[in-house]
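Here are my notes on this model, as numbered points. Please read them with the structure open.

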Amino acid sequence: MQRMPTILLVEDEHAIADTVLYALRADGYATEHIVLGGEALPRLRRGGIDLVILDVGLPDCSGFDVCRALRAESALPVIFLTARDAELDRVLGLELGGDDYMAKPFSPRELVARVRARLRRHDSSEVQRRGRFEVDAAAHRIRYGGHWLDMTRYEHALLHELLRRPGAILSRAQLLDRAWQDAMESSERTVDTHVKTLRAKLRALDPARDPIRTHRGLGYSIDVD
Ligand code: CA
């Protein structure tokens, strides 16, 4: 079953929020709404958001600050809403990694059309979702629960191999063969060492989970849910 994309709206003007949320829902999107910029990142880190509509003038900080912090860890599509139709805002917004921009007052239908276009473009990129993981094969990076993982080359290769078939057990020899193809020196203990450091990185992001499973005498698999 296809999940409908979920749009997070960060907007403090309730009249605007209401019309935007209404238009998005009428088009079949799931929506969430928050008022403070400071709430945006904690919410995004919990995952499940496909696109952010971000007001620039928020009560506690600017939408640009929120976008800058978001971009440090995520490539999620962002559409800015701004009250000032200045070119400066536009440039600032796009330089900060916002994907699009709408000046108030705007037509909610136009905004929804842009949301649709952005999501389509994002889907056609190389990012593949595997439960809590998102694999950006082209950029050699993997996101876990909304965070980009900071991994060494072989940690990345190892995780990437495990994520090709979630749940399937790969032996140490298979992992060595696939992830350490070009390594000068490696042994099955190399795999264990990298699994250990990778586990620590995953646990640092989500202490409640331990997605890499050890199968005694067989090898490793990964749970993505
Ligand atoms: Ca505002």
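1. Start with burial. Buried means under 20% relative accessible area, exposed means over 50%, and partly exposed lies in between (1.4 Å probe, protein chains only). For charge, Lys and Arg count as positive and Asp and Glu as negative, while His and the chain ends are not counted. A salt bridge is a side-chain nitrogen of Lys or Arg within 4 Å of a carboxyl oxygen of Asp or Glu. By these terms Arg 118 is buried and has no salt bridge. The nearest side chain of opposite charge is Asp 100, at 4.3 Å.

2. The model is predicted: local features need pLDDT of at least 70 and side-chain atom pairs need 80 or more, whereas totals for chains, interfaces and linings use all residues. Residues are numbered from 1 along each chain as its sequence is written, and side-chain values use heavy atoms, with hydrogens and water left out.

3. What surrounds Arg 118? Leu 51, Pro 77, Ile 79, Asp 99 and Asp 100 touch Arg 118, leaving aside residues up to four places away in sequence. Contact here means heavy atoms within 4.5 Å. Arg 118 itself belongs to helix α5, residues 108–123.

4. Overall make-up. The chain has 8 helices and 11 strands. Helices (H or I, at least four residues) and strands (E, at least two) are DSSP runs, numbered from the N terminus. Of the 225 residues, 46% are buried. Take the contacts between residues at least 6 apart in sequence: 58% of them join residues at least 24 apart.

5. The calcium site. Asp 12 (OD), Asp 55 (OD) and Gly 57 (O) coordinate the calcium ion at 2.2 to 2.3 Å. Donors are N, O and S atoms within 2.8 Å of the metal (3.2 Å for Na, K and Ca); water is not among the atoms, so sites may look incomplete. The donor spacing in sequence is D-x42-D-x1-G. Asp 12 sits in the loop between β1 (6–10) and α1 (14–26), and Asp 55 in strand β3 (residues 51–55), so this pair links distant parts of the chain, 43 residues apart. Asp 55 is buried, at 2%.

6. Salt bridges. The whole structure has 20 of them. One joins Asp 27 and Arg 116, with the closest N and O atoms 2.9 Å apart. Asp 27 lies in the loop between α1 and β2 (30–34) and Arg 116 in helix α5, so the pair ties together parts 89 residues apart in sequence. Asp 27 is partly exposed at 34% relative accessibility. Arg 116 is partly exposed too, with a relative accessible area of 34%.

7. Glu 161 and Arg 164 meet in a salt bridge at 3.2 Å, N to O. Both lie in helix α6, 3 residues apart, about one turn of the helix. Glu 161 counts as buried, at 10% relative accessibility, while Arg 164 is partly exposed at 48%. Elsewhere, salt bridges with shared partners join Glu 11, Glu 13, Asp 55 and Lys 104 into one network. Asp 55 is also a calcium donor.

8. Charges over Trp 148. A charge sits over a ring if NZ of Lys or CZ of Arg is within 6 Å of the ring centre and within 35 degrees of the ring normal. Arg 141 lies over the face of Trp 148, 3.8 Å from the ring centre. The charged end of Arg 143 also sits over this ring, 5.1 Å from its centre. Arg 143 has a salt bridge with Glu 134 as well (2.7 Å, N to O). Glu 134 and Arg 143 are both buried.

9. Aromatic pairs. Rings of Phe, Tyr and Trp (its six-membered ring) pair if their centres lie within 6.5 Å; planes under 30 degrees apart count as stacked, over 60 as edge-to-face and the rest as tilted. The structure holds 3 such pairs. Phe 64 and Phe 80 have ring centres 5.0 Å apart and planes at 70 degrees, so the pair is edge-to-face. Phe 64 is in helix α3 (residues 63–71) and Phe 80 in strand β4 (residues 78–82), 16 residues apart. Both are buried.

10. The stacked pair is Tyr 154 with Trp 180: 5.5 Å centre to centre, 10 degrees between the planes. Tyr 154 lies in helix α6 (residues 153–164), and Trp 180 in the loop between α7 (172–179) and α8 (188–205), 26 residues apart. Tyr 154 and Trp 180 are both buried.
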